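Work through the exercises below with the model open. Each task is followed by a stepwise solution.

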Amino acid sequence: MVIDNAPEVTSISMTRDDMLSERARLIAESGMSEDDLREAGAAWRLNSDLRGILDRINGLDFLLDHAPAA
Amino acid sequence: MSRERATLAELAADFAVDLTRTVRAVVGPGCPPFIAVTPSTPGATGTVVRQDPASGITLMAGDQPVLTLTVNYRCVWDGHNAYLAVESSRIAVFPRDAVSTEPLMRYEYMKDMGDRLPSAHLQVHGDHPALSGVMAAAGTGTTRGRRRGEKASGGKQPRLSELHFPLGGHRFRPCLEDILAVLMEEFGVTPAGDRQEALDALADGREEWRRNQVGASVRDAPDVAVRVLRELGYVISHPAEVEPAGQVHRLRAL
């Protein structure tokens, strides 16, 4: 993972392995199974921290869908 | 940086800078920047631009935190592989966690929403018994109406948040600057600095957004652009004998 901290923006470049590792780390950080996290998210039962984790997981899924496997 | 040579990551970074500038106009210079996340994989076609932290930004009314704003964009190349195109976006406004974990409202855009629901839409969360009653009795003429009727028969009343209020389609949807300005006016959100400077900064961002959307609209309907420019006295010559095709489906889409 390459992080470039410019004054106004942080750009992050991730490999597919980075994304998969980050995804697993986020699920572990939530303290819930992915299914439970998604179910609670759909019912708006997550606090802001957990909503943020679910949003990041969904973002990684979008990136994985748009990053061709080698 | 020439647009022809800009990479997806560079365009995403530019977009993140614009969003950071917009939000800092209200929240102040201490607001963390937006983050552009792009796969390093060759041939990647998508990028995510999101807030940091992803849990949202606190908006203040006076010295009291009142709202949490969450913003994310998922982007791809446009049809010409020249510009960033938003595939989906969500701008959501929540009360503080201690009040509720359900949003107050969500402004969303989904490029591929299908043809029955609006690609750009507003969903408002809350209770409206009269509206729920009307929705439950909306008949069986549509799939959504039928499903609502079935749920209501089972004792589950439709919710206001199930409605998707249209917001101008692919080109004329509101931008983040519009929503922040409304939060300032209607919810008393107080900018960290001078109020007029914040409104001016939001107007700058809104102008840039609308100029970009005008450009996209010209690609949708170049015949209209040519007609209007000729009415203004411009001399326009076509690049080929045929009229530019445009993208009529974008103009007709909900």
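A residue is buried if 20 or more other C-beta atoms lie within 10 Å of its own, exposed if 12 or fewer, and partly exposed in between, with C-beta atoms placed from the backbone. Helices (H or I, at least four residues) and strands (E, at least two) are DSSP runs, numbered from the N terminus. The model is predicted: local features need pLDDT of at least 70, side-chain atom pairs count only at pLDDT 80 or more, and totals for chains, interfaces and linings use all residues. Residues are numbered from 1 along each chain as its sequence is written, while chains are lettered from A and ligands numbered from 1 in the order in which they are written.

**Exercise 1.** Determine which way each residue of β2(B) points, and whether these residues are buried or exposed.

*Solution.* 
- Step 1: B:G46, B:V48 and B:R50 point one way from β2(B).
- Step 2: B:T47 and B:V49 point the other way.
- Step 3: Five of the five residues are buried, so β2(B) is largely enclosed by the rest of the structure.

**Exercise 2.** Trace the strand pairing from chain A into chain B.

*Solution.* Two strands pair if DSSP finds at least two bridges between them.
- Step 1: Start at β2(A), which pairs with β1(B), residues 35-39, in the parallel sense over five bridges. Here A:I12 has B:V37 as its bridge partner.
- Step 2: Go on to β2(B), which runs antiparallel to β1(B) and is joined to it by three bridges. B:A36 is bridged to B:V49.
- Step 3: Check the hairpin of β1(B) and β2(B). Six residues lie between the strands, and B:G43 takes a positive phi near 85 degrees.
- Step 4: Finish at β4(B), antiparallel to β2(B) over five bridges. B:N72 in β4(B) stands opposite B:R50.

**Exercise 3.** Which residues have the most contacts inside the largest nonpolar core, and which element gives the most to this core?

*Solution.* Such a core is a set of buried Ala, Val, Leu, Ile, Met, Phe, Trp, Tyr and Cys residues joined through C-beta atoms within 7 Å.
- Step 1: The largest one has 51 residues, and B:A12, B:A16 and B:V49 have the most contacts inside it.
- Step 2: Elements giving two or more residues include α3 of chain A and β2 of chain B.
- Step 3: α1(B) gives the most, ten residues.
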